[in-house]
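Good morning, colleagues. Please look at the sequence and the structure on the screen, and I shall then take you through the packing of the helices.

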Amino acid sequence: MRKIYLDNIRWCTIILVVFFHVFFFFNNIGITAMFEGLLEYHQGDGMTFAGVYQYAVYPWFMTLLFIVAGVAAYHTLQHKTAKQFISGRRNKLLIPSTLGVLVFGFISGSIVVNASGAEGLQATPGFVKYIVYTLSGIGAQWFSQMLFVISLLLLLVRKVVLAVQKEERKSIQRESSVYVWLVVMFFLLWGASKLLNTPVVESYRFGIYTVAFLLGYYVFSQDIVIEVLKKWRFVSTLAAVVSGVYFIYRAYGIYYGHSSLLSTWYANLFT
């Protein structure tokens, strides 16, 4: 049975991602705003709406997509073999994202690089420009690449779990157990946010995104968890607003994509 709420969460979050990438060009937190001409923000400068929006969504929206992907993976593996699962992920994630970067990545990459004032590239050979532009034009394709790698890891984790406990997952029976899991989730995400973060291209946060995916697979795929979240949606919304305002207050002026900021307790509480 198709989980319609997963589709709704996915498309709503993707819209937030689209706005994020639009606002990126007008944001000057940690960078010079490419299309706006604003110099890099310094403490005491006025806030920009683009900057506030980036802080409001960046800590959590990709984590949410990995959780949703984990839930979807669980339901897929209930009626497909591991081989069919990976074949589907290869065709839907790896091949399109790789071809997309190699064929079209240099176009968006050249816009980003040239808007950043990379005049030194003008005298370099064409193939060097292509490599630089392509790497700069990966854009949101990193999500598909990471999701494919984590899907491979899932099959290994799944084998280990089945060997240890002889069943796919432990069912959560009581509502009180869900509250325990939500508290545990904070500490898991906080700890994982400090692990396996790639340098330079900091969007590849393998630690927290792998944990989020596995939480989706083993915890959020259970109906009782969704029912508890639905029951307390107004309280959790208020908590999200309060923790989000606190995060923006503490973090504003620090580049929102730095792993040092995203691994703080208040960033992960907001997440």
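Predicted model: local features only at pLDDT ≥ 70, side-chain atom pairs only at ≥ 80, totals over all residues.

Which residues in H7 meet which residues in H8? On the H7 side they are Trp181, Met185, Leu188, Leu189 and Ala192, and on the H8 side Gly207, Ile208, Val211, Ala212, Leu215, Val219 and Phe220. Contact here means heavy atoms within 4.5 Å.

Residues are numbered from 1 along each chain as its sequence is written, and side-chain values use heavy atoms, with hydrogens and water left out.

Let me turn to the chain as a whole. The protein chain has twelve helices and zero strands. Helices (H or I, at least four residues) and strands (E, at least two) are DSSP runs, numbered from the N terminus. Of the 271 residues of the chain, 40% count as buried. By buried I mean under 20% relative accessible area, by exposed over 50%, and by partly exposed in between, with a 1.4 Å probe and protein chains only. Among contacts between residues at least 6 apart in sequence, 74% join residues at least 24 apart.

I return to H7 and H8. Their axes come within 8 Å and cross at roughly 160°. Axes are lines fitted to C-alpha atoms, for helices over the stretch in contact, and angles run from 0 to 180 degrees between N-to-C directions. H7 and H8 are therefore roughly antiparallel to each other. The cut-offs are as follows: under 35 degrees is roughly parallel, over 145 roughly antiparallel, 65 to 115 roughly perpendicular, and the rest oblique. H7 passes H8 in a right-handed crossing. A crossing is right-handed if the near helix is turned clockwise from the far one by less than a right angle, and left-handed if anticlockwise.

One residue of this pair deserves a separate word. Met185 is found in helix H7, residues 175-192. Is Met185 buried or exposed? Met185 is buried, with a relative accessible area of 18%. Not counting residues up to four places away in sequence, Met185 touches Leu215 and Phe220. The C-alpha atoms of Met185 and Ala212 are separated by 8.9 Å, and these two residues lie 27 apart along the chain.

H8 also packs against H3. The axes of helix H3 (residues 61-76) and helix H8 (residues 206-220) come within 7 Å and cross at roughly 40°. H3 and H8 are therefore oblique to each other, and H3 passes H8 in a right-handed crossing. From H3, the residues that meet H8 include Met62, Phe66, Ala69 and Ala73; their partners in H8 include Ile208, Ala212, Gly216 and Phe220.

Ala72, too, is found in H3. Ala72 and Tyr217 are 145 residues apart in sequence, and their C-alpha atoms are 7.6 Å apart in space. Leaving aside neighbours within four places in sequence, Ala72 is in contact with Leu6 and Arg10.

What does H3 meet in H6? Met62, Leu65, Phe66, Ala69 and Ala73 in H3 meet Trp142, Phe143, Met146, Leu147, Ile150 and Leu154 in H6. H3 and helix H6 (residues 141-165) pack at an angle of about 45°, with their axes 11 Å apart. That makes H3 oblique to H6, and the crossing of H3 and H6 is right-handed.

Next, a residue in H1. Thr13 lies in helix H1, residues 4-24, and counts as buried at 3% relative accessibility. Thr13 touches Phe61, Leu64 and Leu65, not counting residues up to four places away in sequence.

I finish with H10. Helix H10 (residues 233-251) has 19 residues and reaches 26 Å from its first C-alpha to its last, close to the 27 Å expected at 1.5 Å a residue. The expected span is 1.5 Å times one less than the number of residues. The buried residues of H10 are Ser243, Gly244, Phe247, Ile248 and Ala251. Seen down the axis of H10, these buried residues fall within an arc of 140°, so they line one face of the helix. The arc is that of the directions from the helix axis to the C-beta atoms. On the other side of H10, Phe234, Leu238, Val242, Val245 and Tyr249 are exposed. What covers the buried residues of H10 includes helix H2 (49-57), helix H11 (259-262) and helix H12 (265-270). H10 is followed by Gly253, whose phi is positive, near 110°.
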